[in-house]
Amino acid sequence: MKTKILTAILHKEEEMYVAECPEVGTVDQGETIEEALANLKEATRLYLEECPLTDTDTSPRFVTSIEVSYA
């Protein structure tokens, strides 16, 4: 069994938390952050069982913030 560390990005939409894995493209949701992450892990695991990644399929992701001024 292979193990890979992937990025999870979360945001809240109305009453649900949405979790996304940008390296793979999987998305899931849950009523709590923990549930959204657990659902994303399961969705990503199922996806990778059907479409395995190679070492060149993903590159490290860097998450940061930016400041934008607008009118």
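**Entry 1: the fold**

First reminder to myself: this is a predicted model. I looked up the secondary structure and got 1 helix and 3 strands. Reading along the sequence, I get the order β-β-β-α. Next I checked how spread out the protein is: the radius of gyration comes to 14 Å, while the globule rule gives 11 Å for 71 residues, so I'm noting the protein as more spread out than a compact globule. I also took the span of the C-alpha trace along the principal axes, about 50 × 30 × 15 Å.

**Entry 2: burial and surface**

How much of the protein counts as buried? I get 17% of the 71 residues.

**Entry 3: Glu 14**

I stopped at Glu 14 for its backbone. Its phi is near 50°, a positive value in a residue other than glycine. I jotted down the background too: most residues other than glycine have a negative phi. Where does Glu 14 sit? I found it in the loop between β1 (9-13) and β2 (16-21). Glu 14 has a relative accessible area of 75%, and the cut-off for exposed is over 50%, so I put Glu 14 down as exposed.

**Entry 4: Ile 9**

Then I went to Ile 9, which lies in strand β1. Buried or exposed, or something in between? Ile 9 is partly exposed, because its relative accessible area is 37% and that class runs between 20% and 50%. Leaving out neighbours within four places in sequence, I list Val 18, Ala 19, Glu 20 and Pro 22 as contacts of Ile 9. I also checked Ile 9 against Glu 23: they are 14 residues apart along the chain, and their C-alpha atoms are separated by 11 Å.

**Entry 5: two residues of the helix**

I picked Thr 44 and Tyr 47, and both turned up in helix α1. Thr 44 has 7% relative accessibility, which is under the 20% cut-off, so Thr 44 counts as buried. Tyr 47 comes out at 35%, so I have Tyr 47 as partly exposed.

Which residues does each touch, leaving aside neighbours within four places in sequence? For Thr 44 I wrote down Leu 6, Cys 21, Val 24 and Thr 26. For Tyr 47 I wrote down Val 24 and Thr 26.

Thr 44 and Leu 6 are 38 residues apart in sequence and 9.6 Å apart in space. Tyr 47 and Val 24 are 23 residues apart along the chain, with their C-alpha atoms separated by 8.3 Å.

**Entry 6: the largest pocket**

Last stop was the largest pocket, with a volume of about 790 Å³. I counted 20 lining residues; Lys 2, Thr 3, Lys 4, Leu 6 and Leu 48 lie nearest the centre.

Which element gives the largest share of the lining? That is helix α1 (residues 33-50), with 7 residues. I also sorted the lining by type and got 10 nonpolar, 4 polar and 6 charged residues.

How values were computed. Residues numbered from 1 in each chain as written. Predicted model: local features only at pLDDT ≥ 70, side-chain atom pairs only at ≥ 80, totals over all residues. Heavy atoms only, no water. 1 Å grid on protein atoms, 1.4 Å probe; cavity = no way out; pocket = protein on both sides within 12 Å on 5 of 7 lines; lining within 4 Å. Points joined across faces, edges and corners; volume = space filled by probe spheres on them. Helix = DSSP H or I, 4+ residues; strand = E, 2+ residues; numbered from the N terminus. Nonpolar A, V, L, I, M, F, W, Y, C, P; charged D, E, K, R; others polar. Buried < 20%, exposed > 50% of the residue type's maximum accessible area, 1.4 Å probe, protein only. Contact = heavy atoms within 4.5 Å. Rg over C-alpha atoms; globule rule 2.2 N^0.38 Å.
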